Amino acid sequence: MRIAVMGGRELAYGFKLAGVDAREVEPGLEADQLFDEYANDKDVAIIILSKRLFDHLRSKVAVLRQRAPLPAVLSLPDRGDPVTPVNTAQLLEEFLGLKV
């Protein structure tokens, strides 16, 4: 199983330095085709998208999530995007019913 990354230059280069299959791509037809390629590749377990691409591909991501649990699709903020802190305890309680 492998990880695939799609996003802007900084995101793609950062993951490439770590040895991950990462492609620099902008929203549009090329991004749509590459996402479909990764979504149908049985060796891809996780697809990481920049927030901008995630927003562009939102409907495709929703269809993929309904179809199968893998590949999982994650979104990372683009450079300069505000980062919202995450309350992990609240998420665990909300999704799993666990009190931390």
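What share of the contacts in the protein chain with a separation of 6 or more comes from residues 24 or more positions apart? The share is 62%, where contact means heavy atoms within 4.5 Å. Keep in mind that this is a predicted model, in which local features need pLDDT of at least 70 and side-chain atom pairs count only at pLDDT 80 or more, while totals for chains, interfaces and linings use all residues. Residues are numbered from 1 along each chain as its sequence is written, and side-chain values use heavy atoms, with hydrogens and water left out.

Let us start with the overall layout. The protein chain has five helices and four strands, arranged along the sequence as β-α-β-α-β-α-α-β-α. Here helices (H or I, at least four residues) and strands (E, at least two) are DSSP runs, numbered from the N terminus. Along the principal axes, the C-alpha atoms fill a box of roughly 45 × 35 × 25 Å. Of the 100 residues, 27% count as buried; buried means under 20% relative accessible area, exposed over 50%, and partly exposed in between, using a 1.4 Å probe and protein chains only.

Now to the sheet. Strands of a sheet pair through backbone hydrogen bonds, either parallel or antiparallel. In this model the four strands form an open sheet with the order 2-1-3-4 and parallel pairing. Strand 2 and strand 4 (72-76) stand at the edges with a single partner strand each, so one side of each has no neighbour in the sheet. From one strand to the next, the twist averages 20°. Two strands count as paired if DSSP finds at least two bridges between them.

With strand 3 (residues 44-50), strand 1 (residues 2-7) pairs in the parallel sense over five bridges. Four bridges join strand 1 to strand 2 (residues 21-24), again running parallel. In that pairing methionine 6 stands opposite arginine 23, and the chain crosses from strand 1 through helix 1 (residues 9-17) to strand 2 in a right-handed β-α-β crossover. Right-handed means that, with the strands pointing away from the viewer, the path from the first strand over the helix to the second runs clockwise. Glycine 7 has glutamate 24 of strand 2 as its bridge partner. Helix 1 lies across strand 1, strand 2, strand 3 and strand 4, running at about 160° to strand 2.

Isoleucine 3 is partly exposed, with a relative accessible area of 33%. Not counting residues up to four places away in sequence, isoleucine 3 touches Val20, Asp21, Ile46 and Ile48. The C-alpha atoms of isoleucine 3 and alanine 45 are separated by 6.0 Å, although these residues are 42 residues apart along the chain.

Next, a pair of helices. Helix 2 (residues 29-39) and helix 4 (residues 58-67) pack at an angle of about 10°, with axes 11 Å apart. That makes helix 2 roughly parallel to helix 4, a label for angles under 35 degrees. Axes are lines fitted to C-alpha atoms, for helices over the stretch in contact, and angles run from 0 to 180 degrees between N-to-C directions. Asp32, Phe35, Asp36 and Ala39 in helix 2 meet Lys60, Val61, Leu64 and Arg67 in helix 4. By class, this contact has four nonpolar, no polar and four charged residues. Ala, Val, Leu, Ile, Met, Phe, Trp, Tyr, Cys and Pro count as nonpolar, Asp, Glu, Lys and Arg as charged, and the others, Gly among them, as polar.

Finally, the loop between helix 4 and strand 4 holds proline 71. Most peptide bonds are trans, but the one from leucine 70 to proline 71 is cis, with omega near 5°.

Technical notes: Parallel < 35°, antiparallel > 145°, perpendicular 65-115°, else oblique.
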